[in-house]
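This report looks at two places in one protein chain and at the surroundings of each. Please view the sequence and the structure first.

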Amino acid sequence: WMRLVAAAVAAVLLSRAAAMAMAAPKIRFVTNRMCPFAQRTWIALEEKGLAYDLDEVSLYGGGGKPGWFLALNPKGQVPVLVVDDEVVVESEATLDRVRASLRGPVARMPFQSFSALPNADSLDP
């Protein structure tokens, strides 16, 4: 009896893990390790524990930026996050996408002015 219950529980856990793996989006992160704006997205991906492929692109130098990169982001800026077939550019947008755990398109939150944020004097120690 106990073996049957253990086998049933194991089967449920394995099927959940398989479903989660199948539902996980394919993530490609295009960055330059020296860019602080891209580093924010990189940290967020790591913090969320999301699996991703990393492509590093040179932003400087005589060879210029590669054509495949400019096809993703004509501005030629990092970070670029490709989730399945969706291309997300700009640091804040990529953070929003990661923050939402990459479950479907994310609408940008309106910018709050810095005056709406609490200042250091108003925070509890």
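## A buried threonine

Thr94 has a relative accessibility of 0%, so this residue counts as buried, the cut-off for buried being under 20%. The model is a predicted one. Thr94 belongs to helix α4, which covers residues 91-99.

Leaving aside neighbours within four places in sequence, Thr94 is in contact with Thr41, Pro79, Leu81, Val88 and Val89. Ala44 is 50 residues away from Thr94 along the chain, yet the C-alpha atoms of the two are separated by 9.3 Å.

## The helix around it

How many of the nine residues of α4 are buried? Seven are, so the helix is largely enclosed by the rest of the structure. Besides Thr94, the buried residues of α4 are Ser91, Ala93, Leu95, Asp96, Arg97 and Val98.

The cover over these buried residues includes the helix α2 (36-48) and the strands β3 and β4 (86-89).

## A buried loop residue

Asn73 sits in a loop, between α3 (67-72) and β3 (80-83). Is Asn73 buried or exposed? With a relative accessible area of 3%, Asn73 is buried, because buried means under 20%.

Not counting residues up to four places away in sequence, Asn73 touches Val80 and Val89.

Note on methods. Residues are numbered from 1 along each chain as its sequence is written. This is a predicted model: local features need pLDDT of at least 70, side-chain atom pairs count only at pLDDT 80 or more; totals for chains, interfaces and linings use all residues. Side-chain values use heavy atoms; hydrogens and water are left out. Helices (H or I, at least four residues) and strands (E, at least two) are DSSP runs, numbered from the N terminus. Buried means under 20% relative accessible area, exposed over 50%, partly exposed in between (1.4 Å probe, protein chains only). Contact means heavy atoms within 4.5 Å.
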